[in-house]
Amino acid sequence: MHQIFIYLCQMSLKIYVRIAAALILLHLVGHFFGHLGWDTPEDPKMQEVVNAMKGYSGEFMGATRSMADYFQGYSLILFGLFGMSIAILWVISNQINANSTLSKYLLLMIGIGYIYFGIIEYIYFFTFAASISLLAGILILYATFKLNNN
């Protein structure tokens with residue numbers, strides 16, 4: 001166990017950031033499969049809720065949409081957010097030593113963001129999604145603080 005801890009401490013910052021990116025990719029894949037069937041749940045009561053969400057459209061800021069449309073849209077936005085996060089983290093991992101000041105500030109903001117996402121997911125969704133975001137955030141923040149100490 002002690003040797004594993006030593007190995008983890010000696011890993012390069014690039015690896016920590018890329019592991020975080022891989023975790024976010026896992027989150028994206030899980031979200032994709034969850035998104036596919038959100039409007040066809042097996043639970044009859046949940047299907048009633050979905051039908052009610054789809055059944056009424058109201059105007060909000062000039063657009064007429066149902067709650068299901070908003071739910072669908074927010075879910076689709078997450079694909080872009082996760083994809084953008086993965087791409088940014090991958091670019092940062094390649095530049096982490098060459099541009100350490102910018103990397104540090106970007107990683108700090110992204111790491112805090114994923115900690116925040118993990119807390120929200122824990123409160124409003126489920127533990128598995130929350131744990132992925134929290135772990136990604138922790139790895140990113142660890143890389144940030146380790147970069148700060150170099």
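**A buried glutamate and its surroundings in a predicted model**

Glu121 is buried (under 20% relative accessible area, with exposed being over 50% and partly exposed in between, for a 1.4 Å probe and protein chains only), yet Glu121 has no salt bridge, and Arg18, the nearest side chain of opposite charge, is 22 Å away. A salt bridge is here a side-chain nitrogen of Lys or Arg within 4 Å of a carboxyl oxygen of Asp or Glu. For charge, Lys and Arg count as positive and Asp and Glu as negative, while His and the chain ends are not counted. The structure is a predicted model, in which local features need pLDDT of at least 70 and side-chain atom pairs count only at pLDDT 80 or more, whereas totals for chains, interfaces and linings use all residues. Residues are numbered from 1 along each chain as its sequence is written, and side-chain values use heavy atoms, with hydrogens and water left out.

The confidence of the prediction was examined next. The pLDDT, which is the predictor's confidence in each residue from 0 to 100, averages 90 over the chain, and 92% of the residues score at least 70. Confidence is lowest in helix α1 (residues 2-10), with a mean of 54, and highest in α5, at 95. Where pLDDT is low, the predicted coordinates should not be read in detail. Helices (H or I, at least four residues) and strands (E, at least two) are DSSP runs numbered from the N terminus.

Helix α5 spans residues 100-124 and contains Glu121. Contact means heavy atoms within 4.5 Å. Not counting residues up to four places away in sequence, Glu121 touches His27, Phe126, Ala129, Ala130 and Ser133. Ile115 is also found in α5. With neighbours within four places in sequence left aside, Ile115 is in contact with Ser133, Leu134, Gly137, Ile138 and Leu141. Ile115 and Ile77 are 38 residues apart in sequence, and their C-alpha atoms are 19 Å apart in space.

A nonpolar patch on the surface is formed by Leu26, Ile119, Tyr122, Ile123, Tyr124, Phe125, Phe126 and Phe128, with about 960 Å² of accessible area together. Patches are made of residues with over 30% relative accessible area and no salt bridge; like charges are joined within 9 Å, and nonpolar side chains (Val, Leu, Ile, Met, Phe, Trp, Tyr) within 5 Å. Accessible areas come from the Shrake-Rupley method with a 1.4 Å probe, and for residues only the protein chains shown count as cover. The element that gives the most to this patch is α5, with four residues. Phe128 lies in helix α6 (residues 127-149) and is exposed, with a relative accessible area of 53%.

Side chains of opposite charge can pair when their charged atoms come close. One salt bridge is found in a search of the whole structure. This salt bridge joins the side chains of Asp39 and Lys54 at 3.0 Å, N to O. Asp39 lies in the loop between α2 (13-36) and α3 (44-55) and Lys54 in helix α3, so the pair ties together parts that are 15 residues apart in sequence. Asp39 is partly exposed at 22% relative accessible area, and Lys54 is likewise partly exposed at 42%.

Helix α3 also holds Val50, which counts as buried at 4% relative accessibility. Not counting residues up to four places away in sequence, Val50 touches Trp38, Asp39 and Pro41. Val50 and Leu13 are 37 residues apart in sequence and 44 Å apart in space, C-alpha to C-alpha.

Asn94 is placed in helix α4 (residues 67-95) and is partly exposed at 41% relative accessibility. Leaving aside neighbours within four places in sequence, Asn94 is in contact with Lys14 and Arg18. Asn94 and Arg18 are 76 residues apart in sequence, with 9.5 Å between their C-alpha atoms.

Backbone geometry was also considered. Most residues other than glycine have a negative phi. Met61 has a phi near 55 degrees, a positive value in a residue other than glycine. Met61 is found in the loop between β1 (57-60) and β2 (63-66) and counts as exposed at 77% relative accessibility.
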